[in-house]
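Have the structure open as you read.

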Amino acid sequence: MSLWPHDRLESWPPAIATVAPDWQPTVAEFLASPPGQRINRLLHQRLAANATIYPPQPLRALELTPLHAVKVVILGQDPYHGPGQAEGLAFSVAPGIQPPPSLRNIFKELQCENMAPTSPGGSLVAWARQGVLLLNTSLTVEDGSPASHAKQGWEALTDAVVMRVTQTAPACVYLLWGAHAQSKAPLIQQTAQAHRHQALVLQANHPSPLSALRPPAPFIGCGHFQKANDFLAQAGLAPIDWARLL
């Protein structure tokens, strides 16, 4: 059982009104679809079996970052699977939780780019509020079981979300770290080209300690945060204050 009872999923589905208005049609369409119904059955069954499921708000990225505000997309895999860690945003941990290794490497890269965070902690809510969509491919996970809800239907929603961003945003940066995220690159590039939108797709290894320093595209030293801001400035958009976490 989780030691953090208020940081686990307690019921499903959520009230659609909690999602930003311009994301509501995408979420509603997913919930009514076969993949959405599959996730609905899975979550109901696992909650009935007293499984501990994270995060408490699986759709939080779509609550904090409206579609019309998205300027940067960072793709993760699935939520953290430890008690109290996941807060519904890719790579982000709840306030008061020690940053995990991948997030520490993200901060290390920020330091390399002279953008070291100016406040403690590992919550990236301030990024989300600036237009950074922190999206995991799978939006729920069970305690101690990484990827336990992968390939169960969530991917249909997160693919649709990425498609909507690429169709809607005249200019957007996509930070694809690791093979899982990079598999979305052709979809992003083809969709952006079809809609004559600017899409900067930056790819590097995953920030995990297992791969962050390995060739062919080490995460440490990738320069992605500065490159993203340079692109946004050229597109006439405000850059992201990557050093701000609160």
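Which residues of strand 5 are buried on one side and which on the other?

## Ground rules

This is a predicted model, where local features need pLDDT of at least 70, side-chain atom pairs count only at pLDDT 80 or more, and totals for chains, interfaces and linings use all residues. Numbering starts from 1 along each chain as its sequence is written, and side-chain values use heavy atoms, with hydrogens and water left out.

## Strand 5, covered on both faces

Back to the question: Ala 171, Val 173, Leu 175 and Trp 177 are buried on one side, with Cys 172, Tyr 174 and Leu 176 buried on the other. Buried here means under 20% relative accessible area and exposed over 50%, with partly exposed in between (1.4 Å probe, protein chains only). Strands (E, at least two residues) and helices (H or I, at least four) are DSSP runs, numbered from the N terminus. Seven of the seven residues of strand 5 (171-177) are buried, so the rest of the structure largely encloses it.

## Its neighbours

Strands count as paired if DSSP finds at least two bridges between them. Strand 2 (residues 72-76) runs parallel to strand 5, joined by four bridges, and Ile 74 sits opposite Leu 175. Strand 6 (residues 198-204) is also parallel to strand 5, with seven bridges; here Leu 175 stands opposite Leu 202.

## Helix 1, two sides

In helix 1 (residues 24-32), Thr 26, Val 27 and Phe 30 are buried. Down the helix axis, these buried residues fall within an arc of 95°, so they line one face; the arc is taken from the directions from the axis to the C-beta atoms. Pro 25, Glu 29 and Ala 32 are exposed on the other side of helix 1.
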